[in-house]
Amino acid sequence: MHLRTAATLTTFLVAGLAPLTLPGAAASAAPAKHGDDFNGDGYRDYAYSSFSARGGGGVSVVFGTATGPGTTKQRITQASPGVPGADEADDMFGEVRAAADFDGDGYGDLAVAATGENGSRGAGEGAVTILWGSASGLSKGTTLPNKNPGRFNQMGKDLATGDFNGDGKQDLAVINEAMTYVYRGPLERSGTTGTVTKLDKTTAFYATALISGKVNGDKKSDLAIIGDVVSPEKIASDAWFIKGGANSLTPGKTLRLESQASSGGSTERGGDGVIADFDKDGYGDIAIGTSLYSKHKGRVSVWYGSAGGPSRSGRLTQATSGVTGSPENYDGFGSSVSAGDTNGDGYADLAVGVPGENIDGHDYAGGVHIFKGRASGLTGTGSQWFARNTPGVPGPLTADDQFGALVRLRDTKGDGTADLYVNGAECLRLPGSPTGITTAGVTQYDAVPISSFLQ
């Protein structure tokens, strides 16, 4: 799974952390249970982008414990021993990341993009580095072969992991010059990979984001590519479904996410997304937020899975029956989305951030909706709303807090219910429970940005 983070959203960062040697479990021959368990101790870890002294970027890691983020930390830049490249201004190293056990040694690894990296073809060629897991955490790195080098191609604009051919090895999908390249695993420390497939529509489709998961119920991961569609008459964004397969990746259906007249439109329309089974029918459903829909009111498109791939679709907005609030310009509904079972009923639920929500005259105060999964799919029935003025949520209601700009659902208690992690002036954890997300037992993490929670 991919993670896109704007630097303006990761303002609560850990600074000046030196790499530490950590106790870790011995690696087994089996792949890591969690792709983001970098030190092999059985707990998921938390990697996020951070600043570097020279402005090239970096990755900070907070190591997980049985109760969530711990206190042991590590920081890696392109100046760290064994990491390819150099810490140069505007490299953007670490802003895009994806975790998986790429070499199958029992430790999670981290694919890290540096979209501003200069190369032999000029500025902004981009690069992707695999940082390798070990008992002491992430160490050293290997550069992924660039199959399409070029000036301003920005290799690594988005990343997604999955087993797209069902061979038990983790693969990596990479956006490079608005096209998608899928590298088959294993990815080795020597730099060798399996075969590489290029996915590119013949029409004017410019890939901007990647979502991976299992949609049609088989053992192979599938891919949804989000892209801009530009013509003289309009500018739009589409989701393009790619079916995983033992021998090849098969292009499938396309879903229009939003569209507007070309005049005044902008490229990079993007869309944050996730694949989860919201109706518990055994097929993964694709949920995609497009926050700029209708003058940035925003909406979420849900493309439900079936044996033949994605089929019926539905839309969620703040005008959906049962949903708190109403659609207003610049609400940004769907800026961030995340899936998890918040009440333990077996249905995946959906968290949707609304960072631009105006509350009691406070512009961009922000909030989060939780949509409950059920047999009929996602609706507004029984949905929950959380903001700074929700009883039990700590922190003052202020303008420009953008509460909900990044949200994640993750079960860090191990009780079968996903907790809500949400950013604002700090990272908050609102626990899951049999009744859904609750404010009872809210935890505050001053030094762990929500961007660290890979889906």
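I started with Glu117, which counts as buried because its relative accessibility is 11%; buried means under 20% relative accessible area, exposed over 50% and partly exposed in between, with a 1.4 Å probe and protein chains only. This is a predicted model, where local features need pLDDT of at least 70 and side-chain atom pairs count only at pLDDT 80 or more, while totals for chains, interfaces and linings use all residues. Residues are numbered from 1 along each chain as its sequence is written, and side-chain values use heavy atoms, with hydrogens and water left out.

I found Glu117 in the loop between β5 (109-114) and β6; strands (E, at least two residues) and helices (H or I, at least four) are DSSP runs numbered from the N terminus. Leaving aside neighbours within four places in sequence, I listed its contacts (heavy atoms within 4.5 Å): Gln78, Gly85, Glu88, Asp91, Gly124, Glu125, Gly126 and Ala127. From Glu117 to Ala127 I get 6.1 Å, C-alpha to C-alpha, with the two ten residues apart in sequence.

Next, salt bridges, meaning a side-chain nitrogen of Lys or Arg within 4 Å of a carboxyl oxygen of Asp or Glu. The structure has ten.

I looked at Asp279 with Arg312, at 3.7 Å, N to O. This pair links distant parts of the chain, 33 residues apart: Asp279 is in the loop between β16 (272-276) and β17 (285-290), Arg312 in the loop between β18 (299-303) and β19 (313-316). Asp279 counts as buried because it has 8% relative accessibility, whereas Arg312, at 42%, counts as partly exposed.

Then I checked Arg429 and Asp419, whose closest N and O atoms are 3.4 Å apart in their salt bridge. Arg429 sits in β26 (residues 427-430) and Asp419 in β25 (residues 419-422), so the pair ties together parts ten residues apart in sequence. Both Arg429 and Asp419 are buried. I also noted that they belong to a salt-bridge network with Lys413 and Asp415.

Last entry: which strands each supply at least two residues of the lining of the largest cavity? They are β6 (128-132) and β7 (139-143). I noted five nonpolar, five polar and one charged residue in that lining. Among the lining residues are Ile130, Trp132, Thr142, Leu187 and Glu188.

Note on methods:
On a 1 Å grid over the protein atoms alone, a cavity is a set of points where a 1.4 Å probe fits but cannot get out, and a pocket is an open set with protein on both sides within 12 Å along at least five of seven lines; lining residues have an atom within 4 Å of a point. Ala, Val, Leu, Ile, Met, Phe, Trp, Tyr, Cys and Pro count as nonpolar, Asp, Glu, Lys and Arg as charged, and the others, Gly among them, as polar.
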